[in-house]
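Colleague: I'm new to reading models like this one. Could you walk me through a few features?

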Amino acid sequence: MDEVEVLRQLQTVYGHEPAALQTARSTIEAACIEMAARLKKPEYGAYPAVVSAAAAVCHFRLLLQSEQFRDGTTVFKAGDVSVQMSRAAMLEAAEYMRAECLAAAAPYLYDDGFLFAQVTA
């Protein structure tokens, strides 16, 4: 798993600060290890879809741990314009990105989900 590329995506795509990423290094490493364990072939760890999926999983976990998520609101203000984002909206966006990225990486990963189906005789 290309952890350096995952860190780069967390900064560029999701806007995480480098200092915050260093603080959350164990969370990021754990997510990368879990993703690497799901790879069908080790070389898939460098594929862009897999790296994006790992970054999306990390972003979701980091969001759940962040102060802004626990606080409940994020406010941006530029002059007379202000934007406020709710905790539910942040979580929904992170869940959506995680699901989309995992779907894109699905051909390279073993499915770890569970499906219950009725058995007929």
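Predicted model: local features only at pLDDT ≥ 70, side-chain atom pairs only at ≥ 80, totals over all residues.

Colleague: How many salt bridges does the count come to?

Modeller: Side chains of opposite charge can pair when their charged atoms come close. The rule asks for a side-chain nitrogen of Lys or Arg within 4 Å of a carboxyl oxygen of Asp or Glu. That gives four salt bridges. One of them joins Arg25 and Glu3 at 3.4 Å, N to O. Arg25 sits in helix 3 (residues 25–37) and Glu3 in helix 1 (residues 3–12), so the pair ties together parts 22 residues apart in sequence. Helices here are DSSP runs (H or I, at least four residues), numbered from the N terminus.

Colleague: Which residues are linked with Arg25 in a network?

Modeller: Glu3 and Glu29 are linked with Arg25 in a network of salt bridges. For Arg25 and Glu29, the closest N and O atoms are 3.5 Å apart.

Colleague: And how are helix 4 and helix 6 oriented to each other?

Modeller: Axes are lines fitted to C-alpha atoms over the stretch in contact (heavy atoms within 4.5 Å), with angles from 0 to 180 degrees between N-to-C directions. Helix 4 (residues 48–65) and helix 6 (residues 87–105) pack at about 155°, their axes 8 Å apart. They are therefore roughly antiparallel, a label for angles over 145 degrees.

Definitions and conventions: Residues numbered from 1 in each chain as written. Heavy atoms only, no water. Helix = DSSP H or I, 4+ residues; strand = E, 2+ residues; numbered from the N terminus. Parallel < 35°, antiparallel > 145°, perpendicular 65-115°, else oblique.
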